[in-house]
Amino acid sequence: MARPPILSVALPSDTGRVLSIQSHTVQGYVGNKSAVFPLQLLGFDVDPINSVQFSNHTGYPKFRGQVLNGNQLWDLIEGLEENELLHYTHLLTGYIGSVSFLNTVLQVVDKLRSVNPDLIYVCDPVLGDEGKLYVPQDLVSVYQEKVVPVASMLTPNQFEVELLTGLRITSEQDGLKACNTLHSAGPRKVIITSALIEDKLLLIGSYKRTEEQPPEQFKIEIPKIPAYFTGTGDLTTALLLGWSNKYPDNLEKAAELAVSSLQALLRRTVEDYKRAGFDPASSSLEIRLIQSQDEIRNPRVTCNAMKYK
């Protein structure tokens, strides 16, 4: 007698299921390598799609690998759809290198929301930093016109929020005005993850409980660590997604936990490099992600939010 076929069935996630479309490196922690493990520690099922697969990040002298194109991304989405595996609570996107791939991501947003209208789209609009653009210029207008309106939470840095809004950020009030500009375009939650204002490094957060109410806004002063790290932006957005899901109506608390967790990890990274005989200020440091899992899962709040009146 022939044996019946065995069908694979995926159980629904009680805590949340994230589709994360980001870069991947074989060695080191950037993109999905920086985001997936922390989200799993915070209780999420995470399904990564690697927009690129490189041997290492591009800060090294050489790298090799492959780049996923929009058609290949859509092929993966169709494979999930054919097996009724497209129910996600969250979509997370990071570095995207071409307009065609970004347009396919927008199709993915529509597809996922057709399955779950309550999908939360957390977008880290990776465009550049410190005045330098990392991506082709024509991506900026696609983010402005198409991506920002469909995002639930946006996590730009200072340079990126200036590109998206056309506003120069030289004061805290400028940062708050930029958040309001982005709110008016779509997202209910906006977090400027790092802004250097009057020699202080700040996170500026803003969220609207309802469309009618004015946003609640806050800042967190971030301690400066004299070293350069890779993967911290990807990790920050993942932590903000994780903690804001646990505290959906308290973005200040979510940001406090995310920033405090990140700071503990960065301090450990510097200490480990020093212990190994390296000067942390001499090169870019790979974050000590695995060694910091306790600080990710149960952070002690060391960075407190201050509400704006």
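This is a predicted model: local features need pLDDT of at least 70, side-chain atom pairs count only at pLDDT 80 or more; totals for chains, interfaces and linings use all residues.
Local features are reported where pLDDT is at least 70 and side-chain atom pairs where pLDDT is 80 or more, while totals for chains, interfaces and linings use all residues. Residues are numbered from 1 along each chain as its sequence is written, and side-chain values use heavy atoms, with hydrogens and water left out.

An unreviewed UniProt entry places the feature "domain: Pyridoxamine kinase/Phosphomethylpyrimidine kinase" at residues 93–266; UniProt positions follow the numbering used here, feature names are shortened, and annotations may be inferred rather than shown by experiment. Helices (H or I, at least four residues) and strands (E, at least two) are DSSP runs numbered from the N terminus.

We can begin with strand 1 (residues 17–25), which pairs with strand 2 (residues 45–54) in the parallel sense over eight bridges; pairing requires that DSSP find at least two bridges between two strands. Within this pair, Ile 21 stands opposite Ile 49 of strand 2.

Turning to the lysine, Lys 219 sits in strand 11 (residues 216–221). Its relative accessible area is 19%, so Lys 219 is buried (under 20%; exposed is over 50% and partly exposed lies in between, using a 1.4 Å probe and protein chains only). The side chains of Lys 219 and Glu 172 are joined by a polar contact of 3.1 Å, meaning a pair of N or O atoms within 3.5 Å; within protein, one must be able to donate a hydrogen and the other to accept it, and residues adjacent in sequence count only if both atoms are side-chain atoms. Leaving aside residues up to four places away in sequence, Lys 219 touches several residues, including Leu 203, Asn 304 and Tyr 308 (heavy atoms within 4.5 Å).

Finally, the structure holds zero disulfides (pairs of cysteine sulfur atoms within 2.5 Å). For Cys 123, the nearest cysteine sulfur is that of Cys 179, 15 Å away. Cys 123 is buried, at 0% relative accessibility. Cys 303 is likewise buried, at 3%, and its sulfur is too far for a bond because the closest cysteine sulfur, in Cys 179, is 19 Å away.
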